[in-house]
Structure formats: structure tokens, C-alpha cells
Amino acid sequence: MKQSPLTSRRDLFRLAGASAFALVASRSFATTRDGDLRGAIDAVRYKTMPDAADRKSASLQKMIDRAAAENVPVFLPPGTYAASNLVPRENTRITGVPGASRIVYTGGGKLFSAENVKRVELSNIIFDGQNRSLGDDAEGLLQFSGVAEVAIDNCEIAGSRKHAVRLERCGGRIERSRIQGAGQSGIYAVESDRLSITGNEVFDCGNGGILVHRWTKAADNSVVNGNRIYRIRANDGGTGQNGNGINIFRADNVMVANNHVSDCAFTAIRANSASDIQITGNQCQRSGETAIYVEFEFVGAIVSNNMVDGAANGISIANFDHGGRLASVTGNVVRNLTLKGPYQHEVGFGIGIAAEADTLVSGNIIEGAPRWGMQLGWGPYLRNLVVTGNIIRQAPVGCAVSVAEGAGTAVITDNVFQETPGGAVLGFEWDRKVSGELATTGSSRFAQLTVERNRIS
């Protein structure tokens, strides 16, 4: 469609205005750097000056204060800026040249700390903690509290002794950033409000990758999407508190989608007491414990279309004894599991998919579960399970369903079992087998079970 001359003229004026603004902004940045930072940059060369780093921090802080007061961005040209205890003000925006503008932590507290402001933006900057000690009041190299809109974009954050980024009561977005080598977690967000964590690379962290937590269970509404997380350790030990790629705790209404998570000491994606959670389309490789875990006091979970390759257990929907219930587990592929886990488990490892209450398990493929393909219930903790249309291959037992006293209803229909030498569907009281093959003989002995139209090949 051909533009009218009037429309083209308006666009030309608009472009000219934007270009003029950019030119003014560039001159402002250059003036600010020359006037405020030249002495600080020069001071770095004179290592005999005891207060060189402090003077540089003070100069950078002055630059931040001035730009925030004028509501314009701060631009850091390529170079290394030594600093500590910087305090972003309202409307602070700091940007640099990707891979070339570096702020290095000199010790004595934290690098950045913003509190109770509406908006802070950081982009195209390398933040290097140099593995220096943080202050007792610092939980992260970059720390934000009560900031309505945090924006961290295309940054590199490395070498924090604690969390790399720590947020409390914040909204906004962390995106396209590379976070590595944190002593604790890469991103720790608590009591968030619609926080988006997207497209980041988080790796080589001591206790966690991306953590979305709350002090008390409530709606959080965060989105964790499209991140790559790998090599997450559990330096502080435990049985699941640490060592998780993505950990959602007490945070409701969270979406965890399209992430690539590998080589975590415990779980790729762990949701503890997190209701109305969606875990979908994720790639989970080589998890040390359960690849995807939905546990404790949750009501409502969708676990769909995930790929699990390599773990002790595949997917677990657990803890009906603590109120955990109501889930849909569909379209997942689980393969290459192992009997070996990081601690002694009462049920044991090597289980493809486990579920307990008010759950649909449908359309999944499980191959290579060295204990059970599926675990349906545990003791009396079984209610309203529908297990249909799944394929289970290469498992000693295809489906272990609880028939212990107090166990509730399970419907097991239209599944395909192949290479399950110990049985396709068997009844268990806790971990003790108490039935023969139910897939062929029917389940008339157990009135609470419906086992029909399954095929063993």
C-alpha cells in the first residue's frame, strides 16, 4: 500500500526528532563521563592511592544520581569501573557496550542495592563480583527490594559469593542475561509480583539456578520461560532444598515453560506447595534426583509435553498426605532412568511417573525405568487416578498400583506395556507386591480398581 505524502512527512519529522534527542543524550553522556569519571578512571592507574576505588565508586554514584534526577540514562563506554555499594535511584537506567563495559566489585558490602523505588534498568553491562566477600546485610551481588519494575537485560553477572541477583517484592523482567558462578543461586526472587525471567543462561551455581519463592503461600504470577540452566550443584546438601535448576516454592499461578535444564544435582524443575502451576515444554536432562517434582501443599498442576532424559525418577506428583492433589500429566516423554539417587529414599528410585490424588496421567511415553514404569499411590494415599493411553517399555514392572487399606479409586485403561517382565499392572501394599497380573486377569479382587483394555506386547 502506497503511503501518502502527508504520512511520509510526519514520519520524517518524527525520525528527525528522535535523532536529535539521541544526539543530545550522547553529548550529555560524554560530558558526564569526562567531567565526573575522568579522575576516577585515572585513579585506577595509581595503585598507591589508598582511596582510589572509593573515589571511583563515589564518582559513579554521583553520575547515577545526576542522571536519575534528570530522568536520562547513564551510558558506560567500554572499560572497567571499580565500585561497591552503588545505590540506584528512582528511574535509574544504566547501559553500556555488551561485553565491553564492566563494573567490578571492590568489596565492603554489595555491588548494587535498590530499595523502594518504582523503576531501575540495567542493560549491556558485565557485573563481576570477583568472588569477593559480601557484607552481612547483603544476600546478592545485585540486590533489589520493593522495586516495582526491575529490568535487567543482556547483562553478564558473575563471581558472587552468594546469590547473583536477589529480589524481594519486585516485579519486572530479567532477560537475555548470562549468570554464572554464584555461590548460592543465579536468581533468587521472593514475594514477586508478575516477574518475568526469560531467555537467560544460568550455570555453575552452588545451590540453585532460578528460585521463585514466597514467605507465605500466595499468588505470585511469575513466568519462567526459555532459559538455559545447567551444572547446578547442591553444596549445602539436603534432600531437595538445594541443587534444583528451577525451584518454585509457595508461589501460586506460575508458568515454567520451554526451559532447557541439564546436569542438576537434584531436580530440573521442582514445585513445592505451588498451586495452579504449569510446567510445559521443558527439556530436562541428567537430573540427579527426580527430573520434575510437584510436591506438598499444591492444588492444581499441569505437567505436559516435557522431555526427561536421564534422572533417578522421571515425574513425581506427590504428598497427598500434605494436601497435594489435582494434576494433569500428559504428553511427556521419560527415558533412561537410574536406580541411583543422592540419598536413601523410602520408595526407591528408578520410577518413570508417580501420582497420588485427583490426577489424569495420559498420553505419556516411558522407556527404561529400572524399577517401575508408573507408581500409582503409596499406601493409603491414592484417590481418583485415571491412567490411560500411555506407553511403557523396558521396566521390570509396568504399573505398580497401591491396594493397601484405605487406598482409593484408580482407572487403568488402554495402555500399552512392552518388555515388562515382572508384570504390566500389579497391586502393591506399600512396597510389597500382593497381586498377580491385573492387566490380563482383571481387577475384580479390588473393587476400587478398573483395569481394562490394556495391551501387553
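A word on the source. This is a predicted model, in which local features need pLDDT of at least 70 and side-chain atom pairs count only at pLDDT 80 or more, while totals for chains, interfaces and linings use all residues. Residues are numbered from 1 along each chain as its sequence is written, and side-chain values use heavy atoms, with hydrogens and water left out.

Arginine 371 sits in the loop between strand 34 (365-367) and strand 35; strands are DSSP runs of E with at least two residues, and helices are runs of H or I with at least four, numbered from the N terminus. Its relative accessible area is 24%, so arginine 371 is partly exposed; buried means under 20%, exposed over 50%, and partly exposed in between, with a 1.4 Å probe and protein chains only. Leaving aside residues up to four places away in sequence, arginine 371 touches, among others, Phe349, Ile351, Pro396 and Asp431, where contact means heavy atoms within 4.5 Å.

The largest nonpolar core has 103 residues, and Ile103, Phe127, Phe144, Ile248 and Val425 have the most contacts inside it. Helix 2 (residues 52-70) gives the largest share of this core, four residues. Apart from it lies another core, of nine residues, including Ile351, Trp372, Leu426 and Phe428.

Finally, I turn to asparagine 454. Is asparagine 454 buried or exposed? Asparagine 454 counts as buried because its relative accessibility is 13%. It lies in the loop between strand 43 (449-452) and strand 44 (455-456). A polar atom of the asparagine 454 side chain lies 3.0 Å from the backbone oxygen of isoleucine 412, and a polar atom of that side chain lies 3.4 Å from the backbone nitrogen of aspartate 414. Not counting residues up to four places away in sequence, the residues that asparagine 454 touches include Thr413, Asn415, Phe417 and Ala439.

Definitions and conventions:
A polar contact is a pair of N or O atoms within 3.5 Å; within protein, one must be able to donate a hydrogen and the other to accept it, and residues adjacent in sequence count only if both atoms are side-chain atoms. A nonpolar core is a set of buried Ala, Val, Leu, Ile, Met, Phe, Trp, Tyr and Cys residues joined through side-chain atoms within 4.5 Å.
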